[in-house]
Amino acid sequence: MLFRTKRSRAYVLLIIDSILHIVSMLLSGAMRHGFFAFLEGWFQRPAYIATMTLIVLFYALIFIGKEEARQDIMEQGPFSYTVDAVKSQMGLFLFILFFLFITKQGQEVSRYIIFVFSFIDIVLECAVRFLYIRFLRHYMRNNISAERILLVTISDRAKEILNHIYEKRGDLQNITAVVLLDGGSENSVMGIPVVGNRDNILSTHKENVYDEVFIHIPYDYPVPLESIIMGFEQMGVPVNLNIDVFNLAVEEKAITSFGPYNVIAFKPNSQKLIPMICKRLIDIIGSMAGLFVTGILTLILAPVIKIQSPGPVFFSQVRVGINGRKFKMYKFRSMYQEAEKEKAALMEQNEMQGFMFKMKDDPRVTPVGRFIRRTSLDEFPQFLNVLKGDMSLVGTRPPTLDEYVRYETHHLKRLSIKPGITGLWQVSGRNQVKNFEDVVKLDFRYIDQWSLLLDVKIILQTIGVIFGREKEWKNSCCILGVNISVVNMADTIRMIAENLREWSGKYICVANVHTTVMSYEDETYRAVQNGAVMVLPDGKPLSVVARKRGCQTIGRVAGPDLMGEIFRISASHGYRHFFYGSSEETLERLRAKLSVSYPGLEIVGMISPPFRALTEDEDRNYIQEINASGADFVWIGLGAPKQETYMASHEGKVKGLMIGVGAGFDYYAGNIRRAPLWMQKCSLEWLYRLIQEPRKLLKRYVHTNGKFIRLVWKENRDLRHRDRKIQR
């Protein structure tokens, strides 16, 4: 009973960790003074007792505060609990230093003991967690009182659910029985016995031992859920119900209350209270400073504006703000009077594709207007809008009414936050962005990745744009000679869907740090990469470097992620898939896994070529087999650089779009596990793979990653020198 739930396992761990803190302190003191001498000094120096007591209490407070969000200890791998231990120890270390500084007891507690305590504590925590997890898994397999779970689902979902649980936890030891509500004919699913259906679900508890029930069914499945849940409740069995809508790809989901009703709340972009308060304070302070400058500019510009064009100094226009709210936006007037009435006659000369209007040599703009637009001085009166709360310093561009009425549904996301004086569009080459959808991408990127640090960065970049040279808008970014496509996942899927027929027989490369460095060193391989219709930024460092060079819309497009996104839409689009590469065993696992994870996925063929150069007959036969299958996508899993070389040499011969995905086959076959999402976002997936395959990857990563950093630094330096010469 003690280890049955996540909470109980966590609190046992808390007790163990608290004991470890005391043991670590005693060991560090023993190393410094000897065990008995330190123990005697412990009681003679109250500072040690106070420090140790506060360490335990502070750790317990943090542990309990994060208990709900913390991953179950049974689901953690060595890397996860090591990082957790290091982060906890860093917090404890800083707390100890702060406590000793505030209480002025730094002379009473040895700094040597504190440093050694931190090191010993990390080592002991990792060792004990390793043993604790092994014990728990052994306990769950063999103890008669270990937690047992009944899975209630339907035939079509059973394997998929069990596979997902297995991928997450590494075993299925807790799932001891399955109920198929639709009365499937299977006697077992993945070795777990099927014990009932919708007619006898409540009576299964008499013949089968289970402590909890997990129900996972479609939300519209015709079954009396209320009577089932209440039936188990009367038997004293807890029920866990999966709600399908909770699986939607929305950033924040929570069960909360709305008046007297319990509801599920969906929030597309998580905006925490404290950061939003800070953003508003920055807006107020910034707007007051901006209005001071606006007053000075008014004294200078007002006479010139009046002389060149009679009329008001300020121009106001109704714009659309957060969630459709209308407000008047203010600017210094840069056009002649009645200029808005002439806009319709100029629409044919609009340089923008989409709902925005932009014209380089707009005849409605006055001479002084051209100057204040070029220097962005016309925007300064908008600081009044910021002070009033209609706008923010940083946000999305507020649309006009005629633009807003033509918006499609997905465009409305731009209005989910306050519009801003500046934003990603303004600092990413606004005069060169000719497509409204590109502006939307930049706005979505800002909304999804918003932080106070990003706001500060955009403000500084805006100052650089005003006083310097505007960044160039690019469709590709050359990194060490490789033309990396400036795309994110959504762009990639859209472009592939739009050009699939035209790109048949061509290929896409998925580039990372390793392939980019190889391309830099090998001119032939570089030509192969640049000959692709797209070179996708698989490695996170590539997208980071590209953003530093002004390509703000770029996002990581990892090979396995691209495979998953295309697999997900394949059934509805009728896409057919062929897999070329890897071993026979891996391909069989891949077929089995994909058939469960992506029902309806049409796999028209698989080839495991020999690990040697092909004869002409073998190659010709393989090409004929691929082409005869009618595949839309030909996934190549030969590893770099072999797969890129193969695709380039077979361009025009193989029908279908070839995409080189390296280890993608192994990921989906279950041979390799991917890094947690937070590691992927922090560019640490290489470290996760290194831990899994140290012999294979250590030399490559140490050599290649170091060389990439050095070469990119040199290339950035050369680009800066070039830019300075251009400015001169």
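Is Asn 627 buried, partly exposed or exposed? At 23% relative accessibility, Asn 627 counts as partly exposed, where buried denotes under 20% relative accessible area, exposed over 50%, and partly exposed the range in between (1.4 Å probe, protein chains only). The model is predicted, so that local features need pLDDT of at least 70 and side-chain atom pairs count only at pLDDT 80 or more, while totals for chains, interfaces and linings use all residues. Residues are numbered from 1 along each chain as its sequence is written, and side-chain values use heavy atoms, with hydrogens and water left out.The protein contains 26 helices and 20 strands; both are DSSP runs numbered from the N terminus, helices being H or I with at least four residues and strands E with at least two. Of the 728 residues in the protein, 47% are buried. Among the contacts with a separation of 6 or more, 71% are accounted for by residues 24 or more positions apart, a contact being defined by heavy atoms within 4.5 Å.

Asn 627 itself lies in helix α21. Residues up to four places away in sequence not being counted, Asn 627 touches Lys 653, Val 654 and Lys 655. Asn 627 and Lys 655 are 28 residues apart along the chain, and their C-alpha atoms are separated by 5.4 Å.

An open sheet is formed by six strands in the order β3-β4-β2-β1-β5-β6, with mixed pairing; two strands pair if DSSP finds at least two bridges between them. Its edge strands are β3 (188–189) and β6 (239–241), each of which pairs on one side only. Within this order, strand β1 (residues 149–153) runs parallel to strand β5 (residues 212–215), and four bridges join the two. Val 152 stands opposite Ile 215 in β5.

A further set of pairings involves strand β17 (residues 576–581), which is mostly covered, with five of its six residues buried. Strand β17 runs parallel to strand β18 (residues 602–607) and is joined to β18 by five bridges. Gly 605 in β18 is the bridge partner of Phe 578. From β17 the chain passes through helix α20 (residues 584–597) to β18 in a right-handed β-α-β crossover; right-handed here means that, with the strands pointing away from the viewer, the path from the first strand over the helix to the second runs clockwise. Strand β17 also pairs with strand β19 (residues 633–637), again in the parallel sense and over five bridges. Ile 636 in β19 stands opposite Tyr 580.

The structure holds 19 salt bridges, each defined as a side-chain nitrogen of Lys or Arg within 4 Å of a carboxyl oxygen of Asp or Glu. One of them joins Asp 17 and Arg 129, whose closest N and O atoms are 3.0 Å apart. This pair links distant parts of the chain, with Asp 17 in helix α1 (residues 6–33) and Arg 129 in helix α5 (residues 111–142), 112 residues apart. Both Asp 17 and Arg 129 are buried.

A salt bridge also links Asp 632 and Arg 576, with 3.4 Å between the closest N and O atoms. Here too distant parts of the chain are linked: Asp 632 belongs to the loop between α21 (616–629) and β19, Arg 576 belongs to strand β17, and the two are 56 residues apart. Asp 632 counts as buried at 18% relative accessibility, whereas Arg 576 counts as partly exposed at 30%. Salt bridges with shared partners join Asp 17, Glu 125 and Arg 129 into one network.

Another salt bridge lies within a helix. The closest N and O atoms of Arg 494 and Asp 491 are 3.8 Å apart. These two residues are separated by about one helical turn because they are three residues apart in helix α15 (residues 489–499). Arg 494, at 36% relative accessibility, counts as partly exposed, and Asp 491, at 4%, counts as buried.

Helix packing is illustrated by helix α17 (residues 523–530) and helix α22 (residues 642–649), whose axes come within 9 Å and cross at roughly 65 degrees. Axes are lines fitted to C-alpha atoms, for helices over the stretch in contact, and angles run from 0 to 180 degrees between N-to-C directions. The crossing of α17 and α22 is left-handed, a term that applies if the near helix is turned anticlockwise from the far one by less than a right angle, the clockwise case being right-handed. Tyr 525, Val 528 and Gln 529 in α17 meet Glu 644, Thr 645 and Ala 648 in α22.
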